[in-house]
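Visitor: I should like to learn how to read a model of this kind, feature by feature. May we begin with the pairing of strands?

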Amino acid sequence: MFSKSKPSPETGQPVAAPQGRNGVRGGGHTFSVIASDVEITGNLSAKVDLHIDGKINGDVTCGSIVQGEGSVISGKVVAETARLSGKVDGSIEAGDLVIEASARISGDVVYQSLTIAPGGMVEGKFKHRGSNVPNITKATIDISKTDPLILGADAKVG
């Protein structure tokens, strides 16, 4: 019953149906779908991956999130991987973040890897996660004795 593919309503391409209970596919990977006719008020936290087509009024925390074009999230999004196609009114923190052309984001973005498709819109600040660059405003390095082409700190170019 669940082993046959059915065409996706959006693309008409075959999509494998979930195997087993609770969306468990081969390999023990689970996911949950929030359909377009579902609206959730409150924070959503999942240990599984989420596909959100509906409306969420609250924070979303999960391992991986895929947001559909018509979806709206009003709150903070925290995920290791995120592919956003809808509207997000809130901050985003993701390791691997993909902002699709249809995405409209209002909020600050913290990322490790970022891809923005042409047409994707973000109103907010971007910050690279793990960008702990040490403060090197004052450093003393004496290499002038080994390479005469390197100018020292007291050298003037004019």
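Visitor: Which residue is the bridge partner of D89 in β13?

Guide: The general idea comes first: strands of a sheet pair through backbone hydrogen bonds, either parallel or antiparallel. In this predicted model, the partner of D89 is S106. That bridge belongs to the pairing of β11 (residues 87-89) with β13 (residues 104-106), which is parallel and has three bridges.

Visitor: In what order do the strands of the sheet that holds β11 and β13 follow one another?

Guide: The order is β4-β7-β9-β11-β13-β15, an open sheet of six strands with parallel pairing. At its edges stand β4 (39-41) and β15 (121-123); each has a single partner strand, so one side of each lacks a neighbour in the sheet. From one strand to the next, the twist averages 5 degrees.

Visitor: How many helices and strands does the protein have?

Guide: There are 16 strands and zero helices. Of the contacts with a separation of 6 or more, 2% are between residues 24 or more positions apart.

Visitor: With which strands does β6 pair, and over how many bridges?

Guide: Strand β6 covers residues 49-52. It pairs with β3 (residues 31-34) in the parallel sense over four bridges, and I34 has I52 as its bridge partner in β6. Three bridges join β6 to β8 (residues 60-67), again in parallel; here H51 is partnered by V66 of β8.

Visitor: Which strand pairs with β8 over six bridges?

Guide: That strand is β10 (residues 77-84), and the pairing is parallel. Within it, S64 stands opposite T81. The strand β10 pairs in turn with β12 (residues 92-99), in parallel over seven bridges, and T81 stands opposite D96 of β12.

Visitor: Is D49 buried or exposed?

Guide: A residue counts as buried under 20% relative accessible area. D49 has a relative accessibility of 18%, and therefore counts as buried. This residue lies in β6, and its side chain reaches the backbone nitrogen of S64 at 3.4 Å.

Visitor: What relative accessible area does S71 have, and which residues does S71 touch?

Guide: S71 lies in the loop between β8 and β9 (72-74). Its relative accessible area is 1%, so S71 is buried. Leaving aside residues up to four places away in sequence, S71 touches I52, D53, G54, G86 and K87.

Visitor: How far apart are G107 and G90 in sequence and in space?

Guide: They are 17 residues apart in sequence, and their C-alpha atoms are 4.7 Å apart in space. G107 is in the loop between β13 and β14 (109-116) and is buried, with a relative accessible area of 14%. Beyond four places in sequence, G107 touches G90, S91, V122, E123, G124 and K125.

Visitor: What are the corresponding distances between E93 and K76?

Guide: E93 and K76 are 17 residues apart in sequence, with 8.0 Å from C-alpha to C-alpha. The place of E93 is in β12, where E93 is partly exposed at 28% relative accessible area. With residues up to four places away in sequence left out, the contacts of E93 are K76, V77, V78, A79, V110 and R129.

Visitor: What share of the protein's residues counts as buried?

Guide: Of the 158 residues, 26% count as buried. The accessible surface of the protein comes to about 10,700 Å², and carbon and sulfur atoms account for 53% of that surface.

Visitor: Where does pLDDT stay under 50?

Guide: Where pLDDT is low, the predicted coordinates should not be read in detail. In this model, pLDDT stays under 50 over residues 14-27 and over residues 132-151. For residues 14-27 the model has 25 contacts beyond four places in sequence, whereas for residues 132-151 the model has two such contacts. Over the protein, pLDDT averages 77, and 64% of the residues score at least 70.

Definitions and conventions
Residues numbered from 1 in each chain as written. Predicted model: local features only at pLDDT ≥ 70, side-chain atom pairs only at ≥ 80, totals over all residues. Heavy atoms only, no water. Helix = DSSP H or I, 4+ residues; strand = E, 2+ residues; numbered from the N terminus. Buried < 20%, exposed > 50% of the residue type's maximum accessible area, 1.4 Å probe, protein only. Contact = heavy atoms within 4.5 Å. Areas by Shrake-Rupley, 256 points an atom, 1.4 Å probe, with all protein chains shown as cover. Pairing = 2+ DSSP bridges. Axes fitted to C-alpha atoms, helices over the stretch in contact; angles between N-to-C directions. pLDDT = per-residue confidence, 0-100. Polar contact = N/O pair within 3.5 Å; in protein donor to acceptor, adjacent residues only side chain to side chain.
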